[in-house]
Amino acid sequence: MKRCPNCNRTYTDEALNFCLEDGTPLVAAPPQLDNNETQRYISPSTNPYPPAAPSNPPRGPYVNQAPQHQGQWSPLPASAPQKKSTAIWWILGGLAVLAVIGVGVTVMIIAIASINSQSNTNRTSDANTNSNTNRNSNTNSNRLSNTNGRANANTNSTPLPASFTDDFSQRKWNASTSEYGRLWYDNDEYHMISKPKTFVEMYGPSNDYNTENATIKVTVRNVDGTSPASGYGLVVHGERAKDNSLEDYAFIIFSGPNPQYKVVMHKGGEESKLTDWTASDVIRKGTATNQLEVRISGEQLTFLINGQLMTVVTDTAGFKRGRAGLYSTDEHEVAFDDMEITR
């Protein structure tokens, strides 16, 4: 027989080691006394013989030792409920902050890339704005020097010289100021400057500047070292249509950082790209001079800069003939000199 030294309950099951009431280890009970014998009562609170701790205390719950109807039991006191950790909220908050920063950096990179792309490699929108919103500017500034329609120019049978030069020492071209810009002679050069957000274009003053099956060259420079944003250059097959709109092909360069060139067609007051802006290290920057050249044979037009081939296009509009001309945009001064036409 075994006894709980704490509550004095006795158990006859020798396999039982702990009190089912309070979990105290059981000790061997003394032999049962005669019912008539006087017994000494020991209060649990004054027990002079505290139970000895077991040499190998059991670990964990002891379900297998309790009767089935008693349920699961553990000798250890119930632990206090743990507070839910707030670490997960700190982690989620940190991830959210990183996500916001990542989006901001991405937007900044895209914006910077977009700004660089527009300023260094894509000037098409500026040129289109100039040509579409101010499509009559060339007609107005050129009205005094070119009054024949394209039909009249094409039927002109006057023999043309095999070679023709203009060093701009004689004042043949129109020199005037208009709402679109200013044209003038200075130091044996022909100067052009456009108003902001528009352009000026001037055709040659006589049929000697006809470009049919000819090679046309001209030297051009940017006077103040800042290239017009939408470029400047040489015009061929320039004439006005019967509705007074300009028709021509324009060979345009940008001589600022990342030099580029393009070829456009003017027709019906609109500008369309035949060759989009193309980078070229042949173009000299700043105030240095560049020689622009167009070789025309039938419907084929070949474009060169400083003697180097740039591109070839086909005269799909059927202009075929017309006059050489000069072109500039925006508000930075350019100067032209030494035009040569050979047939």
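A: Happy to! A helix here is a DSSP run of H or I with at least four residues, and helices are numbered from the N terminus. Helix α1 covers residues 87-120, and Ile-101 is found in it. Please keep in mind that this is a predicted model.

Together with Ile-88, Trp-89, Ile-91, Leu-92, Leu-95, Val-97, Leu-98, Val-105 and Ile-109, Ile-101 makes a nonpolar surface patch of about 1,000 Å².

For contrast, turn to Ser-280, which sits in the loop that links β13 (270-279) and β14 (290-297). Ser-280 has a relative accessible area of 9%, so it counts as buried, the cut-off being under 20%. Its side chain reaches the backbone nitrogen of Val-282 at 3.2 Å. Beyond the neighbours within four places in sequence, Ser-280 is in contact with Pro-259, Gln-260, Tyr-261 and Met-310.

Finally, a look towards the start of the chain. Three strands form an open sheet there in the order β2-β1-β3, paired antiparallel. Because β2 (10-11) and β3 (27-28) are at the edges with a single partner strand each, one side of each has no neighbour in the sheet. The pairing of β1 (residues 2-3) with β3 is antiparallel and runs over two bridges. Within this sheet, Lys-2 stands opposite Ala-28 of β3.

Note on methods. Residues numbered from 1 in each chain as written. Predicted model: local features only at pLDDT ≥ 70, side-chain atom pairs only at ≥ 80, totals over all residues. Heavy atoms only, no water. Pairing = 2+ DSSP bridges. Patch = residues over 30% accessible without salt bridge, like charges linked within 9 Å, V, L, I, M, F, W, Y side chains within 5 Å. Areas by Shrake-Rupley, 256 points an atom, 1.4 Å probe, with all protein chains shown as cover. Salt bridge = Lys/Arg side-chain N within 4 Å of Asp/Glu carboxyl O. Buried < 20%, exposed > 50% of the residue type's maximum accessible area, 1.4 Å probe, protein only. Polar contact = N/O pair within 3.5 Å; in protein donor to acceptor, adjacent residues only side chain to side chain. Contact = heavy atoms within 4.5 Å.
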